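Here's a quick briefing to read alongside the model. Have the sequence and the 3D view open as you go.

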Amino acid sequence: MTSDRIMLGLGLRLLAVLTLSTMSAVLKLAAAHGANLAEILLFRQLFALPLLVAWIAIGPGLGTIRTRRFGLHLSRTAVGLTGMVFNLGTVMVLPLAEATTFGYTVPIFATILGALVLREPTGWHRWAAVLVGFAGVLIVTQPGGTHIPLFGAAIGLIAALFVAIVAIQLRHMSKTELPTTTVFWFSLLSVPPLAIAYPFFAQMHDWQTFGLLILIGVIGGAGQLALTAALRFAPVSTVVPMDYSSLIWATMYGWLIFGVLPGIWTWVGAPVIIASALYIAWRERRLGLARTGPIIAPGEDPQDPVIADRRG
């Protein structure tokens with residue numbers, strides 16, 4: 001892996017972060033215009049599909065969407081949709097910077113789930129980082145205060161928990177499925193249940209609101225593709241630190257569009273959460289490099305981006 005390809009991966013990850021942060025700002029605008037969560041969910045998934053299909057057709061080819069693990073994709077869709085409800089709900093009920101900060105707790109939940117569900121060995125270093133991370137959450141939320149409503153904080157933490165669950169699912173699925181295949185089936189399978197629910201929640205909007213809803217899907221799909229593409233050129237452990245630039249965009253959009261700046265406790269607690277998450281990522285990377293034994297199973301191509309990502 002050359003340094004040029006790593007820089008390309010970093011650039012794509014930064015682009016993905018900017019794009020998804022922009023989607024969150026557009027989502028909040030659509031909600032301010034009267035769009036509800038059910039409408040936003042359908043438009044988010046439906047209008048991302050054309051971009052995704054075009055990307056697959058140009059890249060690995062439409063033949064790569066064939067799968068023998070349809071049931072696994074169904075379960076991933078169920079968990080992913082549930083998580084998306086909480087993720088988008090967090091953006092709707094909290095200021096952008098605070099909603100983004102709660103997203104940084106994903107590595108904390110991933111560590112807990114890895115230890116409790118997957119029985120992964122977890123030393124005191126990472127458990128200490130988990131405790132520090134939750135201390136950061138307490139700093140941000142200020143329980144009992146009025147800085148962040150407890151309902152919004154609960155939604156944000158549940159959203160992060162579901163993202164961590166999806167990450168574990170994807171780790172398992174990556175043994176046989178390409179990232180584009182997984183994203184395609186998630187997007188496709190989530191549309192029918194959302195379309196069934198849509199008539200019960202649909203409202204009449206002006207053309208500007210419908211334009212914002214369509215834009216959510218297009219921008220969200222582009223961001224998802226940028227995330228996938230970044231992993232073709234750089235390992236996860238290399239690109240993940242770029243995700244924390246989202247706080248910059250969330251703060252900027254919150255100020256320019258909504259006239260809201262993060263509270264003082266968000267400025268204090270966010271670096272604590274970020275430091276905890278980065279330490280967990282660094283520790284996992286260090287332990288991964290120290291493990292012995294074959295990482296690539298017989299018959300696997302080490303140049304395959306999925307396998308390379310798992311090794312990284």
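Is alanine 234 buried or exposed? At 1% relative accessibility, alanine 234 counts as buried, where buried means under 20% relative accessible area, exposed over 50% and partly exposed in between, using a 1.4 Å probe and protein chains only. Keep in mind that this is a predicted model, where local features need pLDDT of at least 70, side-chain atom pairs count only at pLDDT 80 or more, and totals for chains, interfaces and linings use all residues. Residues are numbered from 1 along each chain as its sequence is written, and side-chain values use heavy atoms, with hydrogens and water left out.

**Around alanine 234**
- Alanine 234 sits in the loop between helix 10 (207-233) and helix 11 (236-239); helices here are DSSP runs of H or I, at least four residues, numbered from the N terminus.
- Methionine 7 is 227 residues away from alanine 234 in sequence, yet their C-alphas are 7.9 Å apart in space.

**Helix 7**
- Helix 7 (residues 124-141) has 18 residues and reaches 26 Å from first C-alpha to last, close to the 26 Å expected at 1.5 Å a residue (the expected span is 1.5 Å times one less than the number of residues).
- Its buried residues are Arg126, Ala129, Val130, Gly133, Gly136, Val137, Val140 and Thr141.
- They cover an arc of only 125° around the axis, so they lie on the same side of helix 7 (the arc is that of the directions from the helix axis to the C-beta atoms).
- Trp124, Leu131 and Leu138 are exposed on the other side of helix 7.
- Glutamine 142 follows helix 7 with a positive phi, near 50°.

**Helix 12**
- Helix 12 (residues 246-258) has 13 residues and reaches 17 Å from first C-alpha to last, close to the expected 18 Å.
- Ser246, Leu247, Ala250, Thr251, Tyr253 and Gly254 are buried in helix 12.
- Their arc around the axis is only 170°, which puts them on the same side of helix 12.
- Ile248, Trp255 and Leu256 are exposed on the other side of helix 12.
- Just after helix 12, glycine 259 takes a positive phi of about 65°.

**Nonpolar cores**
- The largest nonpolar core has 49 residues, and those with the most contacts inside it are Ile40, Leu88, Phe184, Leu213 and Ile216 (a core is a set of buried Ala, Val, Leu, Ile, Met, Phe, Trp, Tyr and Cys residues joined through side-chain atoms within 4.5 Å).
- Helix 9 (residues 179-201) gives the most to this core, with eight residues.
- A second, separate core of six residues includes Phe109, Leu113, Ala160 and Ala164.

Methods. Helix = DSSP H or I, 4+ residues; strand = E, 2+ residues; numbered from the N terminus.
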